[in-house]
Amino acid sequence: MRTLFVTGPGGAGRTTLAAATALAAARSGARTLLLSADATDTPGAALGTPTGPRPQQVAPGLTAVRPDPDAGFRAGLLALQEHARPALDLLGADRLDDEELTPLPGAQDLALLGALRAAAAPATSGEPAYDTVVVDLPAAPRALALLALPAQLRRYLRRLLPQQRQAARALRPVLGRLAGVPVPTGSLYEAAARWEAALAAAQAVIEDPATSVRLVAEPGPAGADAVERTATGLALYGLGVESLVANRVLPQPHDATAWLAALHAQQDKALGAWAQQHRTHVVAHRGQDPRGTDDLAALGVPGPARDTDPVRWPVVDSLATDSLLTWSIPLPGAVRDELHLVRRGDELVVTVGPFRRVVPLPSALRRCTVTGAGLHEGALRIRFAPDPDLWPRTR
């Protein structure tokens, strides 16, 4: 299954072009699913068919789903409340009822991740039900936070409820009496294991080599800045830009209207810069919002590309010449003053502007010490020297 995330700055027509991309994929013969995190039915308005939490076939080969965060949020919170019942009873806390629960901010993102995991799950035939999944993400940078969420939550679970502690089940009653407070029961660890499995499945889809991102933006200074920041954040999370769709591009003006000529020149400058950095598709301004599959097809947006190269973070071995290992992390558009690195045990905390990622070190680098780092031509190169106390010695 190939997954294409669609995002970009707000107001650039991201949802409409995600629907157009999914339609193009379906018309090329791929069984296609369009997932959207849009709270209103913008995808349905563009497609001409209402969409909702139930799979809706909106065109031959194309199914659309907008997950409902309400039901999943209530079920998850009530289950968590049940698992934490001993501690809540000890504190004298009043329990929440199903009728009084309403989704909190972020519930829509979790619902979208759940739908993505379900789409990748094998059907009864053992194969995924879809060939292509097009995901209409929120506007960046919220989209990047959503893509990073599974890995972050899994890390928190491992720190708060490590799997090794499950071996001490027989000691929990004794520990509870000694501590004077209830010790987490087995059901809590079982729930954590289920959450871990669900998050791991979503993370596997996001980090799959067949997954990429399509950016949608209007050409201009603001759009150019947003595209550059988003591309940097995507690279930090190991995601490649499949293509860039320049939306609402104005035609060449035929009169001498100064403001129209200046706006066209501004767009043309941004398009020239984008064409040098990304595979760029131009969508002309049509003077109105598309309504229905015919209007979407007329935009000329292509389906997902098949030749997108995954983002790689190679480790270069120069032990024979420099006694160093170099970890190269591509960070296009990164600025040296906004770049920070911290090593915490076997992890590396990389911060680039507003984006931060905690990355586990490759096994070979865990036995090394950091000797320096440099940013050159859009790549961060971190130098490691083998630790004599940990590195295997040769005769």
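# Close-up views of a predicted model

**View 1. Glu242 and its surroundings.** A polar contact of 2.5 Å links the side chain of Glu242 to that of Ser243. The coordinates shown here and in the other views come from a predicted model. Glu242 sits in strand E7, which covers residues 241-249. Its relative accessible area is 3%, and with buried defined as under 20%, Glu242 is therefore classed as buried. Beyond neighbours within four places in sequence, Glu242 is in contact with Leu4, Ser212, Val213, Arg214, Arg279, Gly303, Pro304, Ala305 and Thr308.

**View 2. The open sheet of 8 strands.** The strand order is E3-E4-E2-E5-E1-E6-E7-E8, and the pairing is mixed. Strand E3 (56-59) and strand E8 (280-284) form the edges, each pairing on one side only. On average, and with direction ignored, neighbouring strands of this sheet are turned by 25° against each other. Helix H9 (residues 221-236) packs on this sheet and touches strand E6 (211-217) as well as E7. The direction of H9 makes about 165° with that of E6.

**View 3. Pairing of E3 with E4.** E3 and strand E4 (residues 62-65) run antiparallel and are joined by 3 bridges. Within this pair, Gln56 stands opposite Ala64 of E4.

View 4. With E4, strand E2 pairs in the parallel sense over 4 bridges; here Leu34 stands opposite Ala64 in E4. With strand E5 (residues 132-136), E2 also pairs in the parallel sense, over 5 bridges. The bridge partner of Thr32 in E5 is Thr132.

View 5. In soluble globular proteins, nonpolar side chains tend to be buried together. The largest nonpolar core in this model has 53 residues, and Leu35 and Trp327 touch the most other members. Apart from that core lies another, of 24 residues, including Leu47, Leu62, Ala64 and Leu299. For the protein chain of 395 residues, 42% count as buried.

**View 6. The aromatic pair Trp313 and Trp327.** The count of aromatic pairs comes to 1. Trp313 and Trp327 make up an edge-to-face pair, with 5.7 Å from centre to centre and 65° between the planes. Trp313 lies in the loop between helix H11 (293-298) and E9, while Trp327 belongs to strand E10 (residues 324-330), so the pair ties together parts that are 14 residues apart in sequence. Trp313 counts as buried at 17% relative accessibility, and Trp327 counts as buried at 3%.

**View 7. Ser318 and Leu324.** Ser318 is found in strand E9, residues 315-318. The side chain of Ser318 reaches the backbone oxygen of Leu324 at 3.0 Å. Leaving aside neighbours within four places in sequence, Ser318 is in contact with Ser323 and Leu324. With a relative accessible area of 15%, Ser318 is buried.

**View 8. The open sheet of 3 strands.** Its order is E11-E12-E13, with antiparallel pairing. Strand E11 (339-344) and strand E13 (355-360) stand at the edges with a single partner strand each, so one side of each has no neighbour in the sheet. Neighbouring strands of this sheet are turned by 15° against each other on average, direction ignored. E11 pairs with strand E12 (residues 347-352) in the antiparallel sense over 6 bridges, and Leu341 stands opposite Val350 in E12. Helix H6 (residues 142-160) packs on the sheet, where H6 touches E11, E12 and E13, and the direction of H6 makes about 45° with that of E13. H9 packs on this sheet too, touching E12 and E13; the direction of H9 makes about 15° with that of E13.

**View 9. The whole chain, for orientation.** The protein chain has 12 helices and 15 strands. Among contacts in the chain with a separation of 6 or more, 69% are between residues 24 or more positions apart.

Conventions
Residues numbered from 1 in each chain as written. Predicted model: local features only at pLDDT ≥ 70, side-chain atom pairs only at ≥ 80, totals over all residues. Heavy atoms only, no water. Core = buried A, V, L, I, M, F, W, Y, C linked by side-chain atoms within 4.5 Å. Buried < 20%, exposed > 50% of the residue type's maximum accessible area, 1.4 Å probe, protein only. Helix = DSSP H or I, 4+ residues; strand = E, 2+ residues; numbered from the N terminus. Polar contact = N/O pair within 3.5 Å; in protein donor to acceptor, adjacent residues only side chain to side chain. Contact = heavy atoms within 4.5 Å. Phe/Tyr/Trp six-rings, centres within 6.5 Å; stacked < 30°, edge-to-face > 60°. Pairing = 2+ DSSP bridges. Axes fitted to C-alpha atoms, helices over the stretch in contact; angles between N-to-C directions.
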